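Colleague: I am new to this protein. Could you walk me through the model?

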Amino acid sequence: MAPFEAMTYGNGSNFTSPLGRLDEEHRPTMTTAAKVDPNHPALQGSLTPPANCRSSKVLNFSPGPTNLPAAVESTILRRCFPAPSTKRLGSMALSHRSPEFGAILRNAIALTRRVMDVPPEYEILFTQGGGHGQFAAVPMNLCPDRDAKATYIVSGTWSSRAVIEAEKYCTPTTISSINEDGSTFTTFPSAERILAEHDPDSKFIYMCSNETVNGIELHRLPVFDDADNTSVPPLVIDASSDFTSKPISWRKSNVGILFACASKNIGHPGITMVIVRKDLLGQANPFTPGFLNYETNILAENVWNTIPTFNVDVIGIMMEWILDQGGIEAMEENSIAKAKLMYGLIEDSNGFYGTPLDTSSEYRSRMNVPFCVAGGDEELTNLFLVECWNRGIVGLRTVTPFKQGIYLRASLYHGVSYEETVVLANFMKEFAAMHSISKDVGDVGETAMVADNVSAMDPASPASSCADLALFSSSPTGVDMALTLPKNFKASRYTKISGDMFTPPALVPASDKLR
């Protein structure tokens with residue numbers, strides 16, 4: 001029997017989840033959650049838990065920026081901020097045209113080629129302006145005037161934004177997978193549909209390989225024919241949130257340009273990697289600003305203007321770490337494992353948690369797992385966020401320019417370890433168990449059955465959710481991570497940490513240094 005099969009929701013709602021509509025007899029019931037102060041920091045997107053939280057670190061599931069792996073942050077602290085006695089400058093203080101930074105730049109490019117198996121006919125650029133900058137840079141570099149055509153695959157929030165920006169610089173054809181409600185996305189246009197509907201005169205076909213807001217991911221880039229894919233225009237890929245989490249079929253998928261903001265999986269905010277095929281250069285609109293012009297920056301060997309030297313160094317360190325972990329295959333295996341843990345928990349909750357993408361979907365994101373609590377029950381969702389915050393689990397709902405819906409998001413980038421994902425999953429099991437009751441508390445058999453189901457899920461207590469994670473902390477070694485809040489903030493007002501209930505899980509320490 002699935003966990004919580006005999007439970008019903010106290011608010012009396014009968015909602016539809018990907019697991020199916022619950023009938024009256026088996027509809028779960030929930031204890032009524034006390035109203036949470038709408039001004040609570042957890043509901044305002046705060047990423048700083050209370051000072052008395054017993055977790056040794058913040059578990060950051062933000063959609064970006066986010067943490068880097070513990071070993072990477074430790075190496076950054078040691079390598080990029082040298083002691084004065086070493087008589088050398090860290091990358092933040094180096095001139096972008098100095099020989100010392102030149103070595104750092106060449107190393108970062110070489111490591112990226114190795115990690116992602118980038119063919120020699122592609123150039124690697126480090127640019128500024130983020131993804132939004134590339135929304136403009138791509139059409140400006142590939143379309144000499146506004147009459148030039150392009151095809152945009154719209155599969156979610158970010159590709160929607162990209163096509164709006166592109167309309168200023170080219171004439172786009174849109175192939176959209178938007179649902180009939182006119183606002184949500186739960187799938188990606190098929191290769192067959194793209195092949196049939198794209199404008200053959202397009203300079204490129206644009207797509208986002210992972211939509212962070214919608215939880216939609218292409219686990220492999222499309223291939224449109226059995227040869228070299230040249231029967232269609234080159235692909236432009238926004239891989240900002242899934243770059244280095246899986247291999248890229250550069251030639252087979254006819255990739256023309258791939259860009260990735262650093263602040264998800266490869267570094268800190270302020271730098272964007274652009275990988276461009278050389279034969280696409282020399283087509284830029286004459287009004288393209290120099291710092292966005294690919295050819296200008298390639299000819300200047302990446303230093304036409306002052307690029308963020310420290311950020312380039314961090315990307316190189318991150319690429320070293322990926323190789324040290326076993327390369328791109330190991331990164332993909334770990335991403336699959338973390339996502340499987342989260343989706344499995346959602347599916348086994350029998351509707352307590354839901355996700356917009358059906359179990360059968362091939363597009364469920366490994367990077368960003370959207371989920372709702374009790375069909376979007378507002379009071380229980382708010383309580384869930386507060387309880388997470390009390391335990392040092394943050395970033396599940398952050399402040400965004402988009403409309404706040406019923407779904408939270410657990411983002412599982414490289415900086416989130418598998419062990420940290422287990423902590424979140426255990427808390428979610430515990431929360432579901434603590435906020436569900438049997439249909440008839442007077443029925444001993446029914447209650448016992450519920451107790452058995454809860455036990456089978458091995459819920460973790462607040463103590464284990466706040467387990468000592470110092471052994472695989474994402475904070476640099478030697479840095480005091482004691483959490484403090486502003487003096488005028490009343491932390492005690494929001495303290496809701498319960499006593500010990502279960503034994504904390506055994507944790508496996510991670511290496512704190514790179515080779």
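Modeller: Here are some questions and answers on the fold, the cores, the surface and the charged pairs.

Modeller: This is a predicted model, where local features need pLDDT of at least 70, side-chain atom pairs count only at pLDDT 80 or more, and totals for chains, interfaces and linings use all residues. Residues are numbered from 1 along each chain as its sequence is written, and side-chain values use heavy atoms, with hydrogens and water left out.

Colleague: How many helices and strands does the protein have?

Modeller: Both are DSSP runs, numbered from the N terminus: helices are H or I with at least four residues, strands are E with at least two. The count is 12 helices and 18 strands.

Colleague: What percentage of the residues is buried?

Modeller: Buried means under 20% relative accessible area, exposed over 50%, and partly exposed in between, with a 1.4 Å probe and protein chains only. The protein has 515 residues, and the buried share of them is 56%.

Colleague: Which residues touch the most other members of the largest nonpolar core?

Modeller: A nonpolar core is a set of buried Ala, Val, Leu, Ile, Met, Phe, Trp, Tyr and Cys residues joined through side-chain atoms within 4.5 Å. The largest one has 86 residues. Helix α7 (residues 309-325) gives the most to this core, with nine residues. The members that touch the most others are Phe126 and Phe243.

Colleague: Which residues does Phe126 contact, leaving aside neighbours within four places in sequence?

Modeller: Contact means heavy atoms within 4.5 Å. The partners of Phe126 include Leu105, Ala108, Ile109, Met273, Asn302, Val312 and Ile315.

Colleague: Which residues form a nonpolar patch on the surface?

Modeller: Patches take residues with over 30% relative accessible area and no salt bridge; like charges are joined within 9 Å, and nonpolar side chains (Val, Leu, Ile, Met, Phe, Trp, Tyr) within 5 Å. Leu77 sits in helix α1 (residues 70-80) and is partly exposed because its relative accessibility is 33%. The accessible area of the patch, by the Shrake-Rupley method with a 1.4 Å probe and only the protein chains shown as cover, is about 280 Å². The patch members are Leu77, Phe81 and Met92.

Colleague: How many disulfides does the structure hold?

Modeller: A disulfide here is a pair of cysteine sulfur atoms within 2.5 Å. For Cys208, the nearest cysteine sulfur is that of Cys261, 9.8 Å away. Cys208 counts as buried, at 3% relative accessibility. The number of disulfides is zero.

Colleague: Which side chain meets Lys57 in a salt bridge?

Modeller: A salt bridge is a side-chain nitrogen of Lys or Arg within 4 Å of a carboxyl oxygen of Asp or Glu, and the structure holds 16. Lys57 is buried, at 5% relative accessible area. Its partner lies 363 residues away, in helix α10 (residues 418-434). At 2.6 Å, N to O, that partner is Glu420.

Colleague: Why does the salt bridge of Glu320 and Arg79 tie together parts that are apart in sequence?

Modeller: The two side chains meet at 2.9 Å, N to O. Glu320 counts as buried at 19% relative accessibility, whereas Arg79 is partly exposed at 25%. Glu320 is in helix α7 and Arg79 in helix α1, so the pair ties together parts separated by 241 residues.

Colleague: Which residues do salt bridges with shared partners join into one network?

Modeller: Asp242 and Lys246 meet in a salt bridge of 2.6 Å, N to O. Both Asp242 and Lys246 are buried. The network consists of Glu217, Asp242 and Lys246.
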